[in-house]
Amino acid sequence: MSLEVSGKSYETDEEGYLAELSQWKPELAEAMASADGAELGEFHWEVINFLREYYEEYQIAPAVRVLTKAIGKKLGKDKGNSKYLYELFPYGPAKQACKYAGLPKPTGCV
Amino acid sequence: MAVAEFDTPELKEYPVIPHLQKDVMAHSRPFEAKAELQEKLGFPGGLIDNWQQVAIEKMGELNKKYRSLQVYLDSCVKCGACTDKCHYYLGTSDPKNMPVARQDLYRKIYRRYFTISGKLFPKLVGAEDLTEEVLEDWYSYFHQCSQCRRCSVYCPYGIDTAEISMAAREVMDTVGKGQKYCNEIIGKAQTIGNNLGLPEPALVNTLEGLEEDVEEETGVKVRFPVDEKGAEVLLITPSADFFAEPHIDGLIGYAKVFHQAKISWTLSSFASEAANFGMFIGSYENMQKLALRIRQAAIDLGVKRIVFGECGHAWRVAYSFLNTLAGPFDFLDQNYPIPQHICEVTHGLIEEGKLTLDPSRNDDMVVTYHDSCNVARASRMGDKPGGQFEIPREIIKAVCNHYVDMPSHSIKEGTYCCGGGGGLLTDDLIELRVKGALPRMEALKSVVDEYGVTHMAAICAICKSQFSKVFPYYNFSMDQIISLHQLVSNAIVLQPEGNSSEGSDDESQVEAA
């Protein structure tokens with residue numbers, strides 16, 4: 001599978017996760033979101049950027065609790081919970097947000 | 001991330017055996033593993049040219065290796081007792097999801113190549129050639145079995161479809177047709193140490209965060225140690241416990257139990273996974289590799305006990321196979337079960353009065369308990385028959401004032417699979433997972449309606465993830481599934497440091513050891 005953005009083709013896996021992390025750019029996240037019928041706002045970007053920063057350091061997406069805590073610090077305590085994250089990313093913050101951020105899909109019993 | 005198009009089954013007041021809808025789930029099939037994932041596990045990268053021959057040879061090998069398999073293949077009398085016992089049949093109406101029909105997908109090939117009647121008069125005995133069509137059917141329907149063994153409870157011969165399904169998957173892997181979800185995970189666990197692919201620094205960072213959270217919440221420094229040599233207990237828990245919700249609340253519960261009981265413990269970054277997906281694909285070799293990591297970690301860290309966290313099939317592998325896969329464990333303290341389940345630890349401590357518990361802290365919940373299939377039907381806890389049913393319930397009742405069981409056909413040895421077990425907990429099988437959850441959802445709804453149940457506790461990472469995903473399809477909310485040790489965590493009364501000798505003792509013990 002592949003994702004077409006501004007005339008360029010980006011390889012993805014069967015579920016649309018980007019094959020090459022280094023190819024990621026914000027336009028790809030926008031394109032993935034619009035394919036899902038979603039639009040990325042400021043708070044979505046806070047999550048996506050945090051995921052990318054964390055991945056850069058640890059080579060894995062953060063645990064849901066690590067993510068909610070970080071988002072709570074950035075956006076206020078009322079938003080530091082998984083309910084809010086599910087409002088932002090209805091298919092699940094770990095999976096949907098990781099996809100938009102160009103990260104591989106978390107595997108295992110999650 | 002398009003939503004798969006299918007109808008969520010309607011919850012009925014009482015279970016109804018559905019009318020057959022032939023081949024209605026024939027389209028359900030997980031993604032296949034790519035060459036790179038296959039080869040990492042020692043399987044061919046894609047379907048090999050002489051796959052029929054190799055598959056039949058493998059079937060012959062498995063018959064010799066596992067006597068049980070051949071007995072299961074030979075002994076079915078088509079009595080029909082199993083037909084309405086599979087949650088996937090009840091949820092999908094596809095007749096090939098009746099356990100006997102699933103077994104027959106394998107049995108008809110076995111008869112053709114391994115029995116005299118099947119070799120001479122195939123049509124008379126339901127024997128068939130192994131064709132590409134059969135292989136496709138296998139791939140689809142052996143990935144619609146969660147190996148939960150419910151059917152085997154009702155079979156008068158005890159035929160275990162799970163073993164046949166494991167054998168079929170092993171044959172398919174051997175000819176190069178593997179499943180992406182399982183095989184990717186096994187590869188990660190073998191190289192990084194866990195199914196998530198969580199490297200040591202991320203594990204340490206996550207656990208440090210938990211220490212902060214618990215201290216903030218309780219005022220007590222409860223430790224989450226990693227790789228601490230000389231600890232008494234090595235905790236082997238599913239990596240979902242580090243990552244997902246509600247799993248992580250269970251992990252906090254284990255830590256609080258160890259803390260209050262002053263048992264020094266550690267996780268291992270080398271063996272940071274309890275789950276063993278090698279079992280799901282029927283691969284002894286891959287199962288053994290994962291088990292040996294646990295042995296290695298126990299030796300390297302010099303622990304005296306191995307305790308398993310809340311994970312269903314991990315406990316099956318641990319309880320039933322660990323000693324033959326990776327034993328003998330003569331270097332561990334022989335006064336404790338080897339290995340031990342975290343529920344056995346907590347239950348024992350409750351009986352000895354070593355935990356201070358305030359069950360009223362869970363008064364906002366009316367709890368029921370989902371018996372995870374692999375714990376219920378493939379293992380035991382404690383020293384009495386049925387301990388795997390009673391111990392978790394006794395813990396819940398000790399930490400919680402409001403407990404109700406679901407209807408008797410749906411619990412204990414008759415428990416229904418969550419719908420995501422056996423290597424099927426993947427988004428590409430979401431239709432199957434939602435439909436397969438139907439019998440459990442009906443049972444849950446009956447106690448929600450009748451007794452006001454608010455939460456369901458479980459002791460399996462797959463169950464927890466599966467329910468938090470499928471609950472919303474049935475108008476439950478995802479946070480209604482909880483970890484059993486989350487209830488313990490809520491109820492346990494920790495004494496702030498200074499008021500007692502708790503906490504600091506733990507650390508000095510480890511350092512001294």
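Residues are numbered from 1 along each chain as its sequence is written, and chains are lettered from A, with ligands numbered from 1, in the order in which they are written. Local features of this predicted model need pLDDT of at least 70 and side-chain atom pairs count only at pLDDT 80 or more, while totals for chains, interfaces and linings use all residues.

Helices (H or I, at least four residues) and strands (E, at least two) are DSSP runs, numbered from the N terminus. Two strands pair if DSSP finds at least two bridges between them. In chain A, strand β1 (residues 2–5) and strand β2 (residues 8–11) pair in the antiparallel sense over 4 bridges. Within this pairing, E4(A) stands opposite S9(A) in β2(A). The two strands β1(A) and β2(A) form a hairpin with 2 residues between them, and S6(A) in the turn has a positive phi of about 40°.

Two packed helices are described by the angle between their axes and the distance between the axes. Here the axes are lines fitted to C-alpha atoms, for helices over the stretch in contact, and angles run from 0 to 180 degrees between N-to-C directions.

| Helix pair | Axes come within | Crossing angle |
|---|---|---|
| α2 (residues 42–58) and α3 (residues 64–75) of chain A | 11 Å | roughly 130° |
| α2(A) and α5 (residues 93–100) of chain A | 9 Å | roughly 85° |

With axes crossing at roughly 130°, α2(A) is oblique to α3(A). By contrast, α2(A) and α5(A) are roughly perpendicular to each other.

Two residues are in contact if their C-beta atoms, placed from the backbone, lie within 7 Å. On this basis F43(A), E46(A), V47(A) and F50(A) in α2(A) meet L67(A), A70(A), I71(A), K74(A) and L75(A) in α3(A). By class, this contact has 7 nonpolar, no polar and 2 charged residues. The classes are defined as follows: Ala, Val, Leu, Ile, Met, Phe, Trp, Tyr, Cys and Pro count as nonpolar, Asp, Glu, Lys and Arg as charged, and the others, Gly among them, as polar. Towards α5(A), the residues V47(A), I48(A) and L51(A) of α2(A) meet P93(A), A97(A), C98(A) and Y100(A). The contact of α2(A) with α5(A) divides into 7 nonpolar, no polar and no charged residues.

**Chain B: domains and sheet**

Chain B is divided into domain 1 (35–178) and domain 2 (186–512), with bounds that come from an automatic or database domain assignment. The C-alpha centres of the two domains of chain B lie 32 Å apart. In the contact between them, 22 residues of domain 1 of chain B touch 24 residues of domain 2 of chain B. On the domain 1 side, α1 (35–40), α4 (87–92), α8 (150–154) and α9 (161–174) of chain B each supply at least two residues. The residues of that side divide into 9 nonpolar, 7 polar and 6 charged.

An open sheet of 4 strands in chain B has the order β2-β1-β3-β4, and the pairing is parallel. At its edges stand β2 (265–266) and β4 (340–341) of chain B, each with a single partner strand, so one side of each is left without a neighbour in the sheet. Strand β1 (residues 233–236) and strand β3 (residues 305–308) of chain B run parallel and are joined by 4 bridges. In β3(B), F308(B) is the bridge partner of I236(B). Helix α14 (residues 284–301) of chain B packs on the sheet and touches β1, β2 and β3 of chain B, its direction making about 150° with that of β1(B).

**Interface between the chains**

Between the chains, 29 residues of chain B are in contact with 21 residues of chain A. On the chain B side, α10 (180–191), α11 (200–218), α12 (240–243) and α21 (461–470) each supply at least two residues. Of these, α11(B) gives the most, with 5 residues. The chain B side divides into 18 nonpolar, 7 polar and 4 charged residues.

**Backbone geometry**

Most residues other than glycine have a negative phi, and most peptide bonds are trans. Q59(A), which is not a glycine, has a positive phi of about 65° and lies in the loop between α2 and α3 of chain A. A cis peptide bond joins G327(B) and P328(B), with omega about 0°. Another cis peptide bond joins I338(B) and P339(B), with omega about -10°. P328(B) is placed in the loop between α15 (312–326) and β4 of chain B, and P339(B) lies in the loop between α15 and β4 of chain B.

Technical notes. Angles under 35 degrees count as roughly parallel, over 145 as roughly antiparallel, 65 to 115 as roughly perpendicular and the rest as oblique.
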